[in-house]
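Biologist: I would like to learn how to read a protein model. Could we go through one together, feature by feature?

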Amino acid sequence: MTRTLECVLRAFLEDPAAARYGYDLMKATALQSGTLYPLLARLKEGGLVEAHWETPAEEGQRPRRYYQLTAEGARWARLELAELAQRRSRGGAGATRPAPGAI
């Protein structure tokens, strides 16, 4: 698991039922858009995150795309973070690159 993925999963798990928009996630993770949005796209393709557009309530505001963990995504995120914590507590390598094809 990369540090980037870890940051994003932790941000989502602060409130797994909450939908978060991209800029909010950028602030929460300190990631740049060029790093965050491709990761969100991969999580969405993997069925771990769902996304939807929200129409602004006031005229002149831009629409926002909200992202939310799916039930499977929340389960997977908790499992992956728990395994990472175990590896770290055993003195493991910490963050590692995901296997090819993994998210």
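This is a predicted model: local features need pLDDT of at least 70, side-chain atom pairs count only at pLDDT 80 or more; totals for chains, interfaces and linings use all residues.

Biologist: Which residues does Arg 20 meet in a salt bridge?

Modeller: Here is the general idea: side chains of opposite charge can pair when their charged atoms come close. In this structure, Arg 20 forms a salt bridge with Asp 24, where the closest N and O atoms are 2.6 Å apart. The side chain of Arg 20 also meets that of Glu 14 in a salt bridge, at 3.8 Å from N to O.

Biologist: Where do Glu 6 and Arg 10 lie?

Modeller: Both lie in helix H1, 4 residues apart, which is about one turn of the helix. Glu 6 counts as buried because its relative accessibility is 7%. Arg 10, at 40%, counts as partly exposed.

Biologist: Let's step back. How many helices and strands does the chain have?

Modeller: It has 4 helices and 3 strands. Reading from the N terminus, the order of the elements is α-β-α-α-β-β-α.

Biologist: How do I read the way two helices pack, say H1 and H3?

Modeller: Picture an axis through each helix, then ask how close the axes come and at what angle they cross. The axes of H1 (residues 3–13) and H3 (residues 33–45) come within 11 Å and cross at roughly 70°. Angles of 65 to 115 degrees count as roughly perpendicular, so H1 and H3 are roughly perpendicular to each other.

Biologist: Which residues make that contact?

Modeller: H1 contributes Thr 4, Leu 5, Val 8 and Phe 12, while H3 contributes Thr 35, Leu 36, Leu 39, Leu 40 and Leu 43. Sorted by class, this contact has 7 nonpolar residues, 2 polar ones and no charged ones.

Biologist: Which residues of H1 are buried, and what covers them?

Modeller: The buried residues of H1 are Leu 5, Glu 6, Val 8, Leu 9, Ala 11 and Phe 12. Their cover includes strands E1, E2 and E3, along with helices H2, H3 and H4. For the chain of 103 residues, buried residues make up 32%.

Biologist: Now the strands. Which way do they run when they pair?

Modeller: To read a pairing, look at the direction of the strands and the bridges between them. E1 and E3 run antiparallel and are joined by 2 bridges. Tyr 21 stands opposite Tyr 66 in E3. E2 and E3 also pair in the antiparallel sense, over 6 bridges. Ala 51 has Tyr 67 in E3 as its bridge partner.

Note on methods:
Residues are numbered from 1 along each chain as its sequence is written. Side-chain values use heavy atoms; hydrogens and water are left out. Axes are lines fitted to C-alpha atoms, for helices over the stretch in contact, and angles run from 0 to 180 degrees between N-to-C directions. Angles under 35 degrees count as roughly parallel, over 145 as roughly antiparallel, 65 to 115 as roughly perpendicular and the rest as oblique. Contact means heavy atoms within 4.5 Å. Ala, Val, Leu, Ile, Met, Phe, Trp, Tyr, Cys and Pro count as nonpolar, Asp, Glu, Lys and Arg as charged, and the others, Gly among them, as polar. Buried means under 20% relative accessible area, exposed over 50%, partly exposed in between (1.4 Å probe, protein chains only). Two strands pair if DSSP finds at least two bridges between them. A salt bridge is a side-chain nitrogen of Lys or Arg within 4 Å of a carboxyl oxygen of Asp or Glu.
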